[in-house]
Amino acid sequence: MHRLIYCSMLSVFLFISSARAQEVLRLSGFEAPNLTPVAEKILAKAYSELGIRIETVISNPQRALLDAASGKTDGELVRVKAVGADHSSLLRVDVPVIVARTFAYANNRQLRGKSFNQLRHLRVGHVSGARFAAELADEFAEIWTADTAEQLFEMLRRDRVDLVIAGEGTARRVIRDKKLEGVFPLRPSLHEVAFYHYLHEKHVDLVPKIEAVLRRMLSVPVGEETDEAEEMVPGQDGNVLHRTGWS
């Protein structure tokens with residue numbers, strides 16, 4: 001009788017231990033100081049509703065993607081949409097977790113409602129080395145560059161440029177920290193990149209569950225808390241695009 005009770009208790013313990021082990025998902029990620037932590041925060045909250053804890057395994061972008069695609073980890077924290085086309089073993093959770101946007105910023109009220117293409121006679125500034133921003137600025141009358149977004153917005157304040165091309169999160173931070181008044185983005189955005197969560201195909205049953213949670217959670221845009229998410233983003237080939245038009 002005692003042996004039977006002991007075996008029963010042992011079975012229950014092993015079952016509970018096994019269940020607990022299954023409650024942790026190890027997700028690939030890479031060093032992106034203002035992208036990865038935001039994604040972790042959102043996904044940790046979402047998975048907690050399903051009784052699951054997540055752990056992020058940080059490595060270089062290419063290794064992180066290969067580990068997720070091979071099943072070494074349980075999936076990818078966030079990647080751009082095109083990643084799924086190149087790695088069929090990764091299942092995209094079809095709700096954008098983060099959207100990084102690039103805008104042209106101005107402080108002249110007369111420019112409100114104007115399209116970006118209508119303003120090419122003006123002076124524009126962007127961060128040096130930002131390839132995408134440089135392409136956007138190509139046909140402007142005057143093009144100025146600076147090492148930092150802070151310098152650009154100071155130039156805007158001092159009327160040395162009329163427009164600044166910058167990522168939404170970066171601009172919001174600079175405007176807030178420098179207490180700049182009257183600075184606004186011209187709409188629509190010049191560029192947008194959506195980041196999605198991916199799970200390895202071994203977790204196919206989990207995809208619709210976490211998608212439903214994220215869809216409810218993110219019904220109100222969460223981009224308000226993505227300061228500088230655009231500074232380091234994964235490219236379609238798994239590499240990282242460093243400031244190519246994101247600031």
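These are my notebook entries on strand β7 and the sheet around it.

**Entry 1: the model.** I worked from a predicted model.

**Entry 2: burial of β7.** I began with strand β7, residues 163-167. Are its residues buried or exposed? I found five of the five buried, so the strand is largely enclosed by the rest of the structure. For burial I used the cut-off of under 20% relative accessible area. I then checked each face of β7. Leu163, Ile165 and Gly167 lie on one side, and Val164 and Ala166 lie on the other. Both faces are covered.

**Entry 3: neighbours of β7.** Which strands pair with β7? I looked up β4, residues 90-106, and found an antiparallel pairing with β7 over four bridges. Within β7, Gly167 sits opposite Thr102. Next I looked up β5, residues 123-127, which runs parallel to β7 and is joined to it by two bridges. Here Val164 of β7 has Gly125 opposite.

**Entry 4: the whole sheet.** I traced the strand order as β2-β1-β3-β8-β4-β7-β5-β6. The sheet is open, has eight strands and shows mixed pairing. From one strand to the next, the twist averages 25°.

**Entry 5: β4 with β8.** I followed β4 to β8, residues 184-200. The two are antiparallel and share 12 bridges. Ala100 has Val193 in β8 as its bridge partner.

**Entry 6: a helix on the sheet.** Last, I looked up helix α3, residues 61-70, which packs on the sheet. The helix touches β1 (24-29), β3 (75-80), β4 and β8. Its direction makes about 125° with that of β3.

Methods. Residues are numbered from 1 along each chain as its sequence is written. This is a predicted model: local features need pLDDT of at least 70, side-chain atom pairs count only at pLDDT 80 or more; totals for chains, interfaces and linings use all residues. Side-chain values use heavy atoms; hydrogens and water are left out. Buried means under 20% relative accessible area, exposed over 50%, partly exposed in between (1.4 Å probe, protein chains only). Two strands pair if DSSP finds at least two bridges between them. Axes are lines fitted to C-alpha atoms, for helices over the stretch in contact, and angles run from 0 to 180 degrees between N-to-C directions. Contact means heavy atoms within 4.5 Å.
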